[in-house]
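Student: I'd like to take a close look at a single part of this model. Could you walk me through it?

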2 protein chains.
Amino acid sequence: MNKIIYTPKGFQLSALHCGLKVNEQKDLAVILSDRPCQVAAGFTTNKVKAAPVIYDQKIVNSGKKVRAVTINAGNANACTGNAGMVHTQQVAEGASKLFDGVADEVLVLSTGVIGVPLPVEKIFAGLKKVEFSDSADSWHSAAKAIMTTDTKPKIVSLQSKNGYSITGIAKGAGMICPTMATMLSVICTDASLSDELLSKVSEVWGESFNRIVVDGDMSTNDTVLLLANGAAEFKADIDSDFYSLFTDVCVQLAKKIVADGEGATKLVKVNINGAKNKEDAETIARSIATSPLCKTAFYGADPNWGRIICAAGYANAYFSPEQASLFLKKDDDFIKLFEYGQGSDYSEKDAVALMENKEWEILLDLNLGSSNYWLWTCDLSHDYVTINGHYRT
Amino acid sequence: MNKIIYTPKGFQLSALHCGLKVNEQKDLAVILSDRPCQVAAGFTTNKVKAAPVIYDQKIVNSGKKVRAVTINAGNANACTGNAGMVHTQQVAEGASKLFDGVADEVLVLSTGVIGVPLPVEKIFAGLKKVEFSDSADSWHSAAKAIMTTDTKPKIVSLQSKNGYSITGIAKGAGMICPTMATMLSVICTDASLSDELLSKVSEVWGESFNRIVVDGDMSTNDTVLLLANGAAEFKADIDSDFYSLFTDVCVQLAKKIVADGEGATKLVKVNINGAKNKEDAETIARSIATSPLCKTAFYGADPNWGRIICAAGYANAYFSPEQASLFLKKDDDFIKLFEYGQGSDYSEKDAVALMENKEWEILLDLNLGSSNYWLWTCDLSHDYVTINGHYRT
């Protein structure tokens with residue numbers, strides 16, 4: 001975890017236990033800006049959307065500025081019927097009283113079990129206990145409060161030479177479904193953004209949060225928010241360092257999510273080169289990254305290249321095994337496993353040793369064109385089955 | 001397992017150990033017909049195809065009749081370069097000597113580890129030891145010889161009142177990739193088929209072998225063959241009972257494969273009703289049937305309907321949670337889990353008890369149209385990870 005947290009000016013946080021998690025664990029975080037924030041957001045594309053996602057989308061699409069975000073863990077407020085929207089609105093109203101504002105200046109994020117009505121009374125009681133702070137510790141507390149099956153809080157913080165900073169928190173142990181494992185991230189900056197830049201930053205999701213795979217499932221609640229309050233009095237435009245710093249923050253947060261994937265023991269970059277087009281490269285990368293046979297082989301440090309070639313072969317994309325080469329990579333070391341339609345003459349022992357590392361890369365060169373795509377995945381372990389086989393009991 | 005095996009006339013079998021498996025286990029089966037057979041076949045659509053698949057496809061597409069099939073377990077002869085085709089041809093030639101025929105009257109099937117050259121000398125030595133029999137026992141021996149990670153041999157046998165029979169063997173512990181888990185099936189009948197019927201029987205794969213999911217991976221070697229030798233002197237046409245009997249054999253064999261899926265403890269039918277069109281129904285069924293979160297919940301007997309609704313929601317198909325209803329079914333019992341966008345008022349205890357059975361059904365009614373699709377899947381257990389995490393060691 002990053003030790004140094006740059007605290008963007010004008011933001012305060014509070015994290016506390018309101019009763020959604022057991023054992024007095026913190027389960028509610030509120031982020032408040034002392035002035036209105038520009039917002040960029042990304043939401044799940046699942047046709048089943050939790051009430052807070054629908055609520056937030058409406059506000060973000062209206063172009064309104066916001067002052068605060070509430071995030072609760074322990075209840076996703078998804079598939080809760082009409083009550084879901086009513087409860088979301090109530091939470092927003094409750095939080096708006098913290099700054100004498102109105103409900104639609106508040107975005108609401110929820111994560112946790114689905115299908116259970118949100119216990120709004122607990123959240124109201126929690127909001128009454130809020131104590132804001134702008135300290136680095138308050139960021140750590142908020143990152144902890146939003147955890148569910150995560151084993152580690154996730155914070156990334158970077159500072160620009162232009163005097164502003166970008167600090168984000170995230171939770172998620174997979175791009176995964178309605179149980180306690182939804183991906184959420186809130187990233188705050190005290191820069192302000194030009195209109196052009198604001199409309200462009202959403203492209204960063206495609207380079208970061210959309211490039212991670214735990215199990216291929218997609219949540220009802222996935223949400224990423226950027227809040228920019230301008231308190232640092234730096235206006236970032238398209239040519240400034242903001243886009244690249246922000247990308248860096250999102251990439252690092254995304255990587256932390258997959259590294260902490262449910263049951264994950266390894267972080268594997270799946271890198272496809274030489275595809276006819278980018279769509280093909282992505283299709284093949286996702287086929288490998290979601291294959292249970294590939295993922296169990298990663299777990300077992302088994303250089304079973306046949307499974308990788310096979311997963312590439314059944315992806316709906318141009319692929320010719322006779323033209324492809326497959327490598328394992330770790331830093332500057334690489335081992336060629338496969339070439340010209342058959343296995344290469346490699347050392348099994350060396351390949352196993354490389355795969356026993358916590359982080360390494362698969363490089364598949366299709367030799368069909370010049371497009372490429374990469375993403376991160378994790379292995380499929382016994383613990384994944386344990387965590388998800390009896391999740392609610 | 002079916003106790004009664006009807007032995008189609010004119011077919012003889014032999015099964016023996018030639019040295020591809022350890023511990024003297026049988027690993028080579030040969031099926032020989034006393035006269036030429038019509039052939040219908042289905043092959044993997046993976047772009048990576050094992051040499052015997054390419055070889056067999058050529059013969060089947062030529063419309064030639066065949067006399068024999070060899071099946072070896074323990075080596076898939078996939079991704080073995082030019083040697084793969086040479087070895088396949090050599091095995092066919094070796095087997096053709098058993099009936100004084102020629103190589104292209106022999107189809108060759110292989111299953112097992114990929115990337116390792118086929119030890120043809122072992123297979124030649126095995127072919128010299130062949131002793132044919134038309135007994136029911138010889139069918140059981142052949143079904144055992146072709147097993148890899150299967151825990152049970154798979155035979156289905158049905159007899160028609162028209163005096164012919166259909167008997168099939170299959171192996172496979174998943175629609176799964178190049179390791180010891182490819183799906184193979186050979187079905188023999190002593191009926192002969194009209195040209196119209198022969199061209200139509202391939203449609204049966206779509207109703208049987210293509211409706212099973214273990215892990216969503218697709219093998220380099222998957223092959224299904226129907227051999228019809230006409231020895232029973234019944235010519236089946238499109239209006240006869242053949243199509244329905246044959247469908248029954250294939251469906252039963254397919255069901256045996258998924259019930260014996262790697263690590264599987266449960267057989268779950270995923271049944272989608274009320275879709276806008278059949279493609280949508282199939283897309284949603286496959287999304288649920290391959291979701292690791294759904295499959296681990298099946299394993300844990302956790303009626304976590306949110307995961308099922310969620311997997312339906314991210315499938316690329318028309319789906320509206322507000323209109324859908326979701327049921328668990330076992331024989332005539334059913335439990336409604338979800339309706340009108342939210343959970344129903346069901347007994348958690350009853351739902352868990354139903355899911356603890358070895359075989360049950362998920363029925364998702366989309367209420368959007370009149371199309372439907374079903375398939376079978378199994379659960380994702382600790383044993384799946386154990387079997388596949390260290391497969392080759």
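Student: Which residues does B:L28 touch, not counting residues up to four places away in sequence?

Tutor: Happy to. Please keep in mind that this is a predicted model. Leaving out residues up to four places away in sequence, B:L28 touches B:S14, B:A15, B:L16 and B:C18, along with B:I71, B:N72, B:I123, B:G126, B:L127 and B:A145. To place the residue, B:L28 lies in strand β2 of chain B, which covers residues 28-43. One of its contacts, B:L16, is 12 residues away in sequence, and the C-alpha atoms of B:L28 and B:L16 are 5.5 Å apart in space. B:L28 counts as buried because its relative accessibility is 2%, under the 20% cut-off.

For the wider setting, we can turn to the two chains. Chain A and chain B each give 58 residues to their contact. Between them, about 4,300 Å² is buried, with 60% of it on carbon and sulfur atoms. On the side of chain A that touches chain B, the elements giving two or more residues are α9 (292-299), α10 (305-314), β15 (342-343) and α12 (382-389) of chain A.

Key: Residues numbered from 1 in each chain as written. Chains lettered and ligands numbered in written order. Predicted model: local features only at pLDDT ≥ 70, side-chain atom pairs only at ≥ 80, totals over all residues. Heavy atoms only, no water. Contact = heavy atoms within 4.5 Å. Buried area = accessible area lost by both parts, 1.4 Å probe. Helix = DSSP H or I, 4+ residues; strand = E, 2+ residues; numbered from the N terminus. Buried < 20%, exposed > 50% of the residue type's maximum accessible area, 1.4 Å probe, protein only.
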